[in-house]
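Subject: Structure handover

Hello,

Here is the structure for your files. My notes on what was found in it follow below.

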Amino acid sequence: MSDQDVVKIPLGPQHPALKEPGNFTLSLKGELITEMGIRLGYNHRGIEKACEQRSYLNDLYLLERICGICSHSHSTAYVQAVEEIAGIQVPPRGLYLRTLIAELERVHSHLLWLGVAGHEIGFDTLLMYSWRDREVVMDLLAALTGNRVNYGYNTIGGVRRDVTDEQKADVLKATDILEERTKYYAHLAGQELTLTKRLKDVGRLSKEDVLRLGVTGPTARASGVKRDIRKDDPYAIYSELDFDVVSNEHCDVFGRTLVRVGELLQTYKMIRQMIAQLPDGPIAAKAPRKIPKGQAISRYEAPRGEDFHFVRGNGTDKPERVKVRAPTLVNMQAVAQMMKGGQLADMPITLAAIDPCFSCTDRMIELQDELGNSGQVYSWSQVREIGIRHYRERGIDFSDLSKRLANWRERI
Amino acid sequence: MSSENNAETAATPALESEKLVQQRLEAAFPELSGKVTIQRVRRVWAEVSMERLHDVLTHAKDQLNFPMLCTITGTDETTHLGLMYHLASDSGIVLTLVTTAPKDGPGPQTVTPYFPHADLYEREVVDLLGVNIQGLPEGSRYPLPDGWPEGQFPLRKDWTRDMLEVPKENA
């Protein structure tokens with residue numbers, strides 16, 4: 001085939017196969033992908049700049065909203081850096097509870113991923129099953145923190161809510177149910193032909209490429225690279241917990257599935273240890289409003305891999321600089337590698353297999369109205385009106401159709 | 001008894017591997033003497049000139065076993081720009097090479113020959129702070145949109161949102 005036979009197709013930024021905006025330019029020879037170009041930044045919201053203009057405590061809530069799935073990851077990574085600069089010793093109970101929510105978040109994230117993976121390969125039964133099971137941990141998170149997502153659990157110096165003995169019992173009960181379900185998925189992964197045939201040898205990434213591209217998280221561990229910040233650079237109470245880093249040498253999407261399911265089983269083990277060892281005492285230390293001069297690096301093993309935060313304080317109540325690097329930014333480069341030589345039809349699952357999160361990656365939009373004024377919040381009806389006006393100005397008018405629909409509804 | 005000893009070591013870490021990194025860096029680059037600091041366990045910082053950045057970076061990667069570049073943090077230091085290259089080892093040590101770049105004029109060479117995934121980190125400091133990275137391979141910008149006005153670097157301290165005029169037709 002000559003170069004003339006290469007067809008380039010753009011996928012995204014808005015595309016049914018993508019859950020978030022990203023632009024992928026695929027070079028195709030027939031059905032085979034020869035190369036892939038990536039354009040990101042569609043979710044850039046200016047959060048890092050916004051952090052410099054807000055207080056440390058405001059930033060905690062802003063950074064938590066980088067991502068709706070690993071929100072606790074970002075807030076913990078940030079708060080650890082601030083606590084280090086200010087020299088705050090978080091009480092042991094605070095650290096335990098922070099880690100407990102972290103691991104529960106991993107459960108919800110991995111179960112969510114399992115469902116998405118099932119959906120991407122046309123195995124929607126898995127999506128229905130795993131998302132139903134995920135509700136167990138979502139309810140638990142809501143009971144413990146007050147929210148299903150964006151928990152608002154951390155504060156500078158500790159956590160904001162304590163757990164009761166009844167809640168501890170609820171955690172254990174939920175863990176039993178989740179473990180049983182996860183064991184079923186682990187069994188399913190080895191037995192169910194839909195999974196093995198569809199995932200094996202798809203999205204291959206060699207160990208050498210993992211090392212060369214600095215890949216992180218479950219994607220790296222499924223290519224035999226045992227990197228896990230919880231073991232390598234332990235934070236919170238991970239050095240006190242007994243757990244294994246799950247890895248395998250499959251180097252494909254199947255391997256990434258096994259790693260995540262295996263990690264869930266380790267997480268349940270950790271949750272039980274935390275509940276059993278939970279020390280008494282206060283849950284937070286008092287934190288000053290002004291944070292002294294200094295800088296700190298905080299690393300965190302988020303469900304998708306290493307979350308890296310850098311914070312610099314200048315002695316005021318606002319940070320001088322906050323830098324966030326989410327795991328997807330690193331792993332995106334590896335996706336281009338995984339796609340090479342793969343089938344076009346495998347593109348969605350290969351991309352989904354790194355569990356991408358472009359909101360995390362691009363972080364940083366402030367709402368601006370037509371005049372450039374920021375901070376305005378639109379109501380649902382206003383958004384609807386703006387949308388209708390936008391399309392009318394471009395010659396698309398649905399009012400006639402709406403009338404006909406209304407007439408039709410009246411008739412039946 | 002042994003557990004007590006463990007507790008003591010945990011309370012005052014020996015920092016042996018961190019000191020080793022410090023010694024080896026200072027031995028290989030005499031000009032770094034006194035410029036390598038250990039902040040705490042697993043956190044080592046080194047101030048490097050822009051010209052020597054690549055030598056130190058490749059030495060750390062190949063000789064000192066720092067295979068990962070976590071990210072590049074850019075800062076606005078008023079008169080110049082600051083760049084931090086955060087390297088990580090498999091043993092969990094983060095070695096941060098701190099260097100400076102002028103606000104106008106050529107900045108450091110790209111590190112993409114050793115860290116292929118670093119192009120996004122470099123494009124980020126180019127877009128947000130205006131660091132003039134030399135030799136950056138061609139590719140689309142990140143993370144700002146294509147129509148972003150030239151010479152506007154949002155993470156610079158003197159940048160405010162009023163400097164950005166939203167064209168009426170895009171609003």
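Domain bounds here come from an automatic or database domain assignment. For chain A, that assignment gives domain 1 (3-39), domain 2 (47-362) and domain 3 (380-411).

Some conventions before the rest. This is a predicted model, in which local features need pLDDT of at least 70 and side-chain atom pairs count only at pLDDT 80 or more, while totals for chains, interfaces and linings use all residues. Residues are numbered from 1 along each chain as its sequence is written, and chains are lettered from A and ligands numbered from 1 in the order in which they are written.

Chain A overall

Chain A has 16 helices and eight strands; helices (H or I, at least four residues) and strands (E, at least two) are DSSP runs, numbered from the N terminus. Along the principal axes, its C-alpha atoms fill a box of roughly 65 × 55 × 50 Å. Of the 412 residues in chain A, 46% are buried. A residue counts as buried if 20 or more other C-beta atoms lie within 10 Å of its own, as exposed if 12 or fewer do, and as partly exposed in between, with C-beta atoms placed from the backbone.

Domains 1 and 2 of chain A

The centres of domain 1 and domain 2 of chain A, taken over C-alpha atoms, are separated by 29 Å. In contact across this boundary are 13 residues of domain 1 and 12 residues of domain 2, where contact means that the C-beta atoms of two residues, placed from the backbone, lie within 7 Å. On the domain 1 side, β2 (23-29) and β3 (32-39) of chain A are the elements that give two or more residues. The largest share, six residues, comes from β3(A).

Gly94(A)

Gly94(A) lies in helix α4 of chain A. Gly94(A) is buried, with 24 other C-beta atoms within 10 Å. Leaving out residues up to four places away in sequence, Gly94(A) touches Gly158(A), Val159(A), Ile283(A) and Ala284(A). Gly94(A) and Cys67(A) are 27 residues apart in sequence and 23 Å apart in space, C-alpha to C-alpha.

Between the chains

28 residues of chain A are in contact with 29 residues of chain B. On the chain A side, the elements that each supply at least two residues are α1 (47-52), α8 (207-213), β7 (305-313), β8 (319-325) and α12 (327-339). By class, this side has eight nonpolar, eight polar and 12 charged residues. Ala, Val, Leu, Ile, Met, Phe, Trp, Tyr, Cys and Pro count as nonpolar, Asp, Glu, Lys and Arg as charged, and the others, Gly among them, as polar.

Helix α4 of chain B

In helix α4 (residues 119-129) of chain B, 11 of the 11 residues are buried, so this helix is largely enclosed by the rest of the structure. Its buried residues, including Tyr121(B) and Leu128(B), pack against α12 of chain A together with β3 (68-76) and β4 (81-88) of chain B. Just after α4(B), Gly130(B) takes a positive phi of about 80°.

Regards
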